[in-house]
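Please consider the sequence and structure shown here before reading on.

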Amino acid sequence: MIDRRAFLQLGSALAASSMLACDRLPPWLLAQQPAFDDAAFAPPVNAHVDLVSHVIARLSYGARPGEYARVRALGRSQEAAVDAYIREQLAPEALEDAHADAALRQLSMLELPAGELFEFKAPVLLESMTRGTLVRTLLSTRQLHEVMVEFWSDHFNIDSSKGDCRWLKAHDDRVVVRANAMDSFAALLRASALSPAMLWYLDGRVNRRTIAGEKPNENYARELFELHTLGVHGGYTQQDVMEAARALTGWTVRAVGESSFGLGRVEFIPERHDDGEKVILGQRIAAGGGAQDIDRLVEIVCAHPATATHIATKLCRRFIDDDPPADAVRAVADTFRRGGGDIRPTLHTLFSTPDFLASRQRKLKRPLHFVVSALRVTGAVSDAGPALQEYLTRMGHAPFQYPTPDGYPDEASAWTGTLLWRWNFAMALQRNRIHGTQVDLASLERRAGGRRHLAAHVLGRQPTPHEWAAHESTPDTLALLLASPAFQRT
């Protein structure tokens, strides 16, 4: 008789092999992706990137065929249309998402409780997590939510290769990051602090005080200040780090090799907690707080003005410019402070700043953004499988695999070395040489209304005379557009 563990592993192996062994995409995938829609669509007509194209590019992973016209139709003016689109994306729970939901049913393992994730081989789980990320970014109507999931995944980075993180990161992605990406920063921070994967990654599970004078493990506390809240120049001291580490003692997670049941379960063990008085950033935590010490710590660090500035700076870097403008940072930080760290109004303020509205094509796409935007703009159908994932690995941007706690960098200088692989990807995509991914170029060109209109759709504006001359000089027209400087930026 086959046991449950073997059954689950066999099922995941068969699902993976069905993706790899078939030259044609599986019927379930073709049925749920709106890529081969035969409807015509209207690309942008302006010579420069207009407000609609700009906002779609920044709040999403790029416009699918017909997306520009859909957003433009949301209001009489571009300003009204963009305002409606922003409000739509700030309320992702109200958006129907049938195509993404259908595709994700094939990855049901990602919805399992933390303990059941250990039933799978770690490489299978990592491939499925990566596939899930690509499916969502490619298909989801909740594009801003996906952008924010990526943002917070970097902010609270966990390398899935460390210890039990190989299994627990899938739980963290669902229960911590995705569940809190658009809501309360304090709730997100607390959830991350007690995430089984984070307790593993930054050694919180071994932060304990069992005898008088025993020093706590500072790893998580240090990153809490330096990366997650105040920032490296936020004004905290080594004493603050030590006191925060004391407040976090006693939390642990059941691990492989240490427990025969309840793997991944987070527990508070009072006997391992330092229950004395702490003073953190000038704020007192009274003795005897026990497990509630973490709530007081989260309250203190979230209320500190440096946290608002740090988060606002990172958000403005992501959505406006690598060198975040001071006025925008101040405005976003003010909203963050006044709203108690509520993420949605903070984002709304950011998207309303003159700097955001004016900063067009200033941000270099990171590899994940480039790859997904190329798939979206071409209306590609993809299984998001190993052949596609390999390009992200080659470009140094494979999800869940950044080794240090600071997460993948957001500045252009970190990614300029990926340009050759971007060209290789563009060529392979046009020629349908990425196993499990298909583009129907003839249909796409016809639906756009011809080659020039297709170029406008890809670029988000009409091509310049120089671009059009280059475009007409090669049979690899789509690849040239995707590899062009204009498509590399948002």
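A crossing is right-handed if the near helix is turned clockwise from the far one by less than a right angle, and left-handed if anticlockwise. The model is predicted, so local features need pLDDT of at least 70 and side-chain atom pairs count only at pLDDT 80 or more, while totals for chains, interfaces and linings use all residues. Residues are numbered from 1 along each chain as its sequence is written, and side-chain values use heavy atoms, with hydrogens and water left out.

Helices are DSSP runs (H or I, at least four residues) numbered from the N terminus. Axes are lines fitted to C-alpha atoms over the stretch in contact, with angles from 0 to 180 degrees between N-to-C directions.

| Helix pair | Axes come within | Crossing angle |
|---|---|---|
| H3 (residues 51-59) and H5 (residues 78-89) | 9 Å | roughly 15° |
| H10 (residues 185-193) and H14 (residues 293-303) | 10 Å | roughly 135° |

H10 passes H14 in a right-handed crossing. In contact (heavy atoms within 4.5 Å), Phe 185, Ala 186, Leu 189, Arg 190 and Ala 193 of H10 meet Ile 294, Asp 295, Val 298, Val 301 and Cys 302 of H14. These residues comprise 8 nonpolar, no polar and 2 charged; Ala, Val, Leu, Ile, Met, Phe, Trp, Tyr, Cys and Pro count as nonpolar, Asp, Glu, Lys and Arg as charged, and the others, Gly among them, as polar.

H3 likewise passes H5 in a right-handed crossing. The contact residues of H3 include Val 55, and those of H5 include Val 82.

Conventions:
Helices (H or I, at least four residues) and strands (E, at least two) are DSSP runs, numbered from the N terminus.
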